Amino acid sequence: MLRAAGGKRLFIHDVAPRDGLQIEPVFVDTARKIALVDALSRTGLAKIEVTSFTSPKAIPALADAADVMAGIQRAPGVEYAALVPNVKGAERALACRVDELNVVMSASESHNRANLRMSREQSLSQFADIVGLARGAAAVNASLSTAFGCPFEGRFETDRVLPWVDRIAALGIRRLTLCDTTGMADPAQAQQLCAAVRERHPHLVLTAHFHDTRGMALANVLAALEAGIERFDASLGGLGGCPFAPGASGNACTEDMVHMLQQMGYDTGVDLPALLDCARSLAPLVGHELAGQLVKAGPSSRRYPLPVAATAQVAGVGACA
Ligand code: COA
Ligand code: ZN
């Protein structure tokens, strides 16, 4: 049962500069990426995923990762994360002084191989090395892709996912993101997995990462909230998707999500008008319209002038009364 939130604090992470831009066919030049991250830094987001330190052959759109990291102005209170697929990526990211290494693997063997060209076991073994490298230098978050379903293997039930969560936690990783890579989760499933992971690993700092591929992202956010999740990834304008997952499309849209949560009485810490300014700057950057609704409709506090005919009617009614 949904309740008014009473100002409960939530933590919003924007992943547009990474998850958003990685799938765009245009290369957004480095200066414009830096300007986007700097603008996002001024909105009150808790974390920004700035880029990924991946192979430039795999993800050409983010080949300038080191220059972007070097160019941004870091705002106090904002964490700057980068996705890394392997030890080499972790070394490159650490050299750029990221606050958080977001290591990634998939719950599904097929997607792990398609995306990262290695087995899940190989990914886990790289995670172990990365934890050692990062000690004292950066936090480590593990993103578990396809945690709700895989475009090659279908839906994932909770008991198929929990063993991988256990193994990640056993490496000493304290932050975990459950990722619905191609928008396969439904709210019942989202609630169940989030609740199961929380119960089994109460000390893990959990984030939920939903894609809106089938229009269920915000519904899944509500379900995750009901399961006690307090941290959410989302992407400005609803950009995003994994280039190695067939049918992938954008994340939950940050500004739509923040608007919904604020309407419900949550404290997101985000300055919505400032976030909307960032969202409006995106279409010219990527050269197409975006999925976000709020940029088109405005917040629900928006008011329109009454049409003239209706004004006359109201005046008429007033005169009769
Ligand atoms: N950063 C930069 N270059 C890297 C790298 C990294 N993290 N990891 C590997 N490389 C380079 C190697 O140095 C090698 O370069 P060379 O051809 O000049 O010698 C080349 O890439 C191939 O290395 P290899 O280890 O064989 O990698 P691969 O071709 O099997 O690719 C990954 C493996 C993980 C690097 C690649 O698949 C990848 O970057 N995937 C990321 C996918 C992604 O970001 N998906 C969306 C987010 S979920
Ligand atoms: Zn994603």
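Welcome! Start by selecting the shell around ligand 1: by class, you will find eight nonpolar, six polar and five charged residues there. Keep in mind as you look around that this is a predicted model.

**Stop 1**

Now show all 19 residues around ligand 1, and highlight Ser55, Asn86, Lys88, Arg92 and Asn115, which come nearest.

**Stop 2: polar contacts**

Zoom in on the atoms of ligand 1. Select Ser55 and look at its backbone: a polar atom there is 2.8 Å from an oxygen atom of ligand 1. Then move to Thr54, where a backbone N or O atom lies 3.2 Å from a nitrogen atom of ligand 1. For a side-chain example, click on Asn86, which has an N or O atom 2.9 Å from a nitrogen atom of the ligand. Of the 930 Å² of accessible area that ligand 1 has on its own, the protein covers 69%.

**Stop 3: the zinc ion**

Finally, select ligand 2, the zinc ion. Which residues coordinate the zinc ion? They are Asp19 (OD), His209 (NE2) and His211 (NE2), at 2.0 to 2.1 Å. Along the chain, these donors follow the spacing D-x189-H-x1-H. Trace the chain from Asp19 in helix 1 (residues 16-20) to His211, in the loop between strand 9 (205-210) and helix 9 (217-226): this pair links distant parts of the chain, 192 residues apart.

Definitions and conventions:
Residues numbered from 1 in each chain as written. Chains lettered and ligands numbered in written order. Predicted model: local features only at pLDDT ≥ 70, side-chain atom pairs only at ≥ 80, totals over all residues. Heavy atoms only, no water. Near = heavy atom within 4 Å. Polar contact = N/O pair within 3.5 Å; in protein donor to acceptor, adjacent residues only side chain to side chain. Areas by Shrake-Rupley, 256 points an atom, 1.4 Å probe, with all protein chains shown as cover. Nonpolar A, V, L, I, M, F, W, Y, C, P; charged D, E, K, R; others polar. Donors = N, O, S within 2.8 Å, 3.2 Å for Na, K, Ca; no water. Helix = DSSP H or I, 4+ residues; strand = E, 2+ residues; numbered from the N terminus.
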